[in-house]
Amino acid sequence: MIQDIAPHQFANEYRPCPPQPESVLLFFRGKEVLLLERGKGWEFPRFGDLAPQNPSLYERYLYLFSVDDERFYLAPDDLRFEGLEGARLENREIFRTLSPRHLAFAGITGFQLYGWYRSHRFCGRCGHPTEQDHKERMLFCPSCGQMEYPKICPAVIVAVLDGDRILLSKYAGRTYTRHALIAGFAEIGETIEQTVHREVMEEVGLKVKNLRFYKSQPWSFSDTLLMGFYCDLDGDGRITLDANELSFAEWFPRSEVPVPELDISLTSEMMMRFRNGEPC
């Protein structure tokens, strides 16, 4: 999965130490990210690359996290990079396929934090501009005292099994057209297990039993913490499709489960475990 970057070590502790010329700088504009094409590969720009065009850059840093011994910082919105050799803006979806994976993971995680900082520039309670805390990753309102922490949305990925077959679906109205499992966000007042039952019933009209937690995954493409479950069909297997959520849902025999094109997601890993006959 995308967060599996060993032997590299991701450290998200908030350590706002001053950047050095070799420190990594992540710049986003909307859903795009600044990358540098170097030879046959790519990399993120560093402070030393952009400081000549941005004289106050070392005074306007925002620390994000580190990977191994490299520190990553968020660039200011008005960063100038015109004329920087190899510089280009790419859609964030490029992190699904870019290699090496530890840098792709750093990039999409940085994008998640960028979105949170951008969405909380003003206090949601009184409208006053927020300020960055210096001890933890938190924004606070000096006017009313409101504190804001990064948003993480809990959601489930559900592999519904019926003996030697699995339920696969496709989303409705999305650019992602590959096969997927049942998925959905937890609602206020319900447990994660209740989310599993509700989402399966809402999307395909089925009852399930014997829930088995498999694994979790941080999924920064949607600010989500995914929790994967295998479960068994309980009763009738006739599907009632929610066409607002899904364009397709069918039972697939184990041998006919399509091999995912990418291996970065919890969904792909769970599908392949079932296809390969591993314990589910």
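Helices (H or I, at least four residues) and strands (E, at least two) are DSSP runs, numbered from the N terminus, and two strands pair if DSSP finds at least two bridges between them. The model is predicted: local features need pLDDT of at least 70, side-chain atom pairs count only at pLDDT 80 or more, and totals for chains, interfaces and linings use all residues. Residues are numbered from 1 along each chain as its sequence is written, and side-chain values use heavy atoms, without hydrogens and water.

Four strands make up an open sheet with mixed pairing, in the order 1-6-7-2. Strand 1 (10-11) and strand 2 (24-26) are at the edges with a single partner strand each, so one side of each has no neighbour in the sheet. Three bridges join strand 2 to strand 7 (residues 70-74) in the parallel sense, and V24 lies opposite F72 of strand 7. Helix 2 (residues 101-119) packs on this sheet and touches strand 1, strand 2, strand 6 (62-67) and strand 7; contact means heavy atoms within 4.5 Å. The direction of helix 2 makes about 155 degrees with that of strand 6, where axes are lines fitted to C-alpha atoms, for helices over the stretch in contact, and angles run from 0 to 180 degrees between N-to-C directions.

Another open sheet has three strands in the order 9-10-11, paired antiparallel. Its edge strands, strand 9 (131-132) and strand 11 (147-148), each pair on one side only. Strand 10 (residues 139-140) meets strand 11 over two antiparallel bridges, with L139 opposite E148.

E203 belongs to helix 3 (residues 192-204). Its relative accessible area is 4%, so E203 is buried (under 20% relative accessible area, with a 1.4 Å probe and protein chains only). Beyond neighbours within four places in sequence, E203 has contacts that include I182, A183, T240 and D242.

Methods:
Buried < 20%, exposed > 50% of the residue type's maximum accessible area, 1.4 Å probe, protein only.
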